[in-house]
Amino acid sequence: MKKLLFALILVVSVTAACFAEKISDIQQTDSWIYLYNENGKRYKTMSASSVGEILGWSSSFFVSQKGGWIYLHDSDGKRYKTMSASSVGDVIGVAGNTFTSRKGGWIYTYDASGKRINTRSAH
């Protein structure tokens, strides 16, 4: 019974992931943030006051900053990770399943879950 329940949960999770929208563009105004899919269709509208400033995005997630906090959002706009901007530094790029920041003389690479995966000198 446990194996059957696990298999059912796995199938539902994989199916849901297949139907998740992919971000192709994000537009931000003073009041609103609009997410667009790979067909150019707007599929999500969010309040800019709750999200903050968009720093970058890939097809599966985006990074925003509001005050002293960095937020990671999935492609549906749901916030799933909060990080201190003072520990992350300035986000300089988002690509694939990673984002990169600069803090002092260092460049940090994080995966989409917010885990630091590399550190190198900024030269």
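Biologist: Which residues have the most contacts inside the largest nonpolar core?
Modeller: Phe61, Val63, Ile70, Met83, Val88, Val91 and Phe99, in a core of 13 residues. A nonpolar core here is a set of buried Ala, Val, Leu, Ile, Met, Phe, Trp, Tyr and Cys residues joined through side-chain atoms within 4.5 Å. Buried means under 20% relative accessible area, exposed over 50%, partly exposed in between, with a 1.4 Å probe and protein chains only.

Biologist: Which elements supply at least two residues of this core each?
Modeller: β5 (61–66), β6 (69–74), α3 (85–88), β8 (90–95) and β10 (106–111). Helices (H or I, at least four residues) and strands (E, at least two) are DSSP runs, numbered from the N terminus.

Biologist: What lies apart from that core?
Modeller: Another core, of 10 residues, with Ile23, Leu35, Val51 and Phe62 among them.

Biologist: Before I go on, what are the ground rules?
Modeller: This is a predicted model, where local features need pLDDT of at least 70 and side-chain atom pairs count only at pLDDT 80 or more, while totals for chains, interfaces and linings use all residues. Residues are numbered from 1 along each chain as its sequence is written, and side-chain values use heavy atoms, with hydrogens and water left out.

Biologist: Back to Phe61. What does phenylalanine 61 touch?
Modeller: Leaving out residues up to four places away in sequence, its partners include Ile23, Leu72, Tyr80, Val94, Phe99 and Ala112. Contact means heavy atoms within 4.5 Å.

Biologist: How many helices and strands does the protein have?
Modeller: There are 3 helices and 11 strands. Along the sequence the pattern reads α-β-β-β-α-β-β-β-β-α-β-β-β-β. Of the 123 residues, 33% count as buried.

Biologist: In what order do the strands of the open sheet come?
Modeller: The order is β1-β2-β3, 3 strands with antiparallel pairing. Two strands pair if DSSP finds at least two bridges between them. β1 (25–28) and β3 (42–47) stand at the edges with a single partner strand each, so one side of each has no neighbour in the sheet.

Biologist: How many bridges join β2 to β3?
Modeller: 5, with β2 covering residues 32–36.

Biologist: How many residues lie between β10 and β11?
Modeller: 4, in a hairpin whose turn contains glycine 114, with a positive phi of about 95°. β11 covers residues 116–121 and is joined to β10 by 5 bridges, antiparallel.

Biologist: New topic. How many aromatic pairs does the count come to?
Modeller: 1. Rings of Phe, Tyr and Trp (its six-membered ring) pair if their centres lie within 6.5 Å; planes under 30 degrees apart count as stacked, over 60 as edge-to-face and the rest as tilted. Phenylalanine 99 and tyrosine 110 have ring centres 4.9 Å apart and planes at 10°, so the pair is stacked.

Biologist: Are phenylalanine 99 and tyrosine 110 buried or exposed?
Modeller: Both are buried.
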